There are 2 protein chains.
Amino acid sequence: MSTAEETAGGEAQPWGEVTPDAARRLLLAAVEAFAERGYHATTTRDIAGRAGMSPAALYIHYKTKEELLHRISRIGHEKALEVLRTASRAGGSPTERLAGAVSSFVRWHAGGRTTARVVQYELDSLGPEARAEIRELRRQVDAEVRGIIEEGARSGEFDVVDVHGTTLAVLSLCIDVARWFKVDGPRTPEEVGALYAELVLRMVGVTDPGAARE
Amino acid sequence: MSTAEETAGGEAQPWGEVTPDAARRLLLAAVEAFAERGYHATTTRDIAGRAGMSPAALYIHYKTKEELLHRISRIGHEKALEVLRTASRAGGSPTERLAGAVSSFVRWHAGGRTTARVVQYELDSLGPEARAEIRELRRQVDAEVRGIIEEGARSGEFDVVDVHGTTLAVLSLCIDVARWFKVDGPRTPEEVGALYAELVLRMVGVTDPGAARE
């Protein structure tokens, strides 16, 4: 659950755009602290200490602990949305796009699992305004996957009984990778991504993905 | 996330066998406190207060906060195992047994979601001995589902590429219900159970579950 482990997972962290450097280091320290001890057990003093800074230096960048969680959650969700949009707009058949969306979403949750766990499990710790903003981003994440499934169902490429329920299950399967994935486990993020893409295609009734790709 | 909400979910809690009554009330209070604030932010004083007892009264039943988490985790895992074993040994074809196991496992995670969240997300907070014991129970949970999938694959009823990976995905899908399920959401635990059973049968290559049941 350390930054070193994340890096070993082979996935870039979504914090590159956070400037200045001190603000970025504080966000990383907050992610680690929240993941290890939980949001409520972490103080801004703990976070500043992990980043090698004073509490006063933290307040220059973030007024409250909630502001740190909100920032982490927003960047995490925006990145998740970007990963899905890229896959969903890559062109190709619904089968190809759904497989691409699932495998990249899985890789992202495996590689960035510490962040993903904080983002997913500490939602209730956000205040009402922040939560409403994040909920809107989650609706957009949902809509990306649902859009592909609806298109495949309309074209007859998929055989789906319940579009909303299947969308929920697909996203849930991918998100839960952040809970169980271990860097020293038997599978790489890429292998899990490929397996899950195949399982999800079966869920939408594509029994021979090879044929649909031709 | 309150006990009232759990009850509204219509699922019996797995604490009936905990005696005496004070020990049971303390476990329930600990589940609520851990779910709301996280394990590390909760003190034994908080737990005693929620149960309407003094810290001294708590120590009669539990020596440490970790002992409470360990007890919750063990009972939760034993109950999960019992739910799966009952379904898996109910008789019938692998298709019927897998559908039964998934729907009852989903119902259990939806109805007991507060407990399930604590059990799933606070595993790392257990000490090494307790964690080893829980890991063994998790292996048995895994083996129940894998056993049904292996049997269906052997008999030709299922078409499974990767038995271990599919078992992992099936369990993961069911467990994550505890994260997203809401009592005031659009689906009952029974509806989610039925939908997920169908999606899982598709994952193992049963495209017409009705036919396999005949």
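Biologist: Where on chain A does UniProt place the "DNA-binding region"?
Modeller: Bear in mind that this is a predicted model: local features need pLDDT of at least 70, side-chain atom pairs count only at pLDDT 80 or more, totals for chains, interfaces and linings use all residues, and side-chain values use heavy atoms, leaving out hydrogens and water. Residues count from 1 along each chain as its sequence is written, while chains are lettered from A and ligands numbered from 1 in the order written. The entry is unreviewed, and such annotations may be inferred rather than shown by experiment. UniProt's record puts the feature at residues 43-62.

Biologist: How far apart are the end C-alpha atoms of residues 43-62 of chain A?
Modeller: That stretch is 70% helix and 0% strand. Its end C-alpha atoms are separated by 13 Å.

Biologist: Which residues of chain A lose the most area to chain B?
Modeller: Chains A and B bury about 2,900 Å² (accessible area lost on being put together, 1.4 Å probe, summed over both), with 55% of that on carbon and sulfur atoms. Three residues together take 21% of what chain A's side buries. They are A:His40, A:Arg179 and A:Arg202.

Biologist: Which helix of chain A gives the most residues to the side that touches chain B?
Modeller: The interface has six salt bridges (side-chain nitrogen of Lys or Arg within 4 Å of a carboxyl oxygen of Asp or Glu), and A:Asp162 pairs with B:Arg187 in a salt bridge at 2.8 Å, N to O. Elements giving two or more residues to chain A's side include helix 2 (21-37) and helix 11 (189-203). The top contributor, with eight residues, is helix 9.

Methods:
Buried area is the accessible area (1.4 Å probe) that two parts lose on being put together, summed over both. Helices (H or I, at least four residues) and strands (E, at least two) are DSSP runs, numbered from the N terminus.
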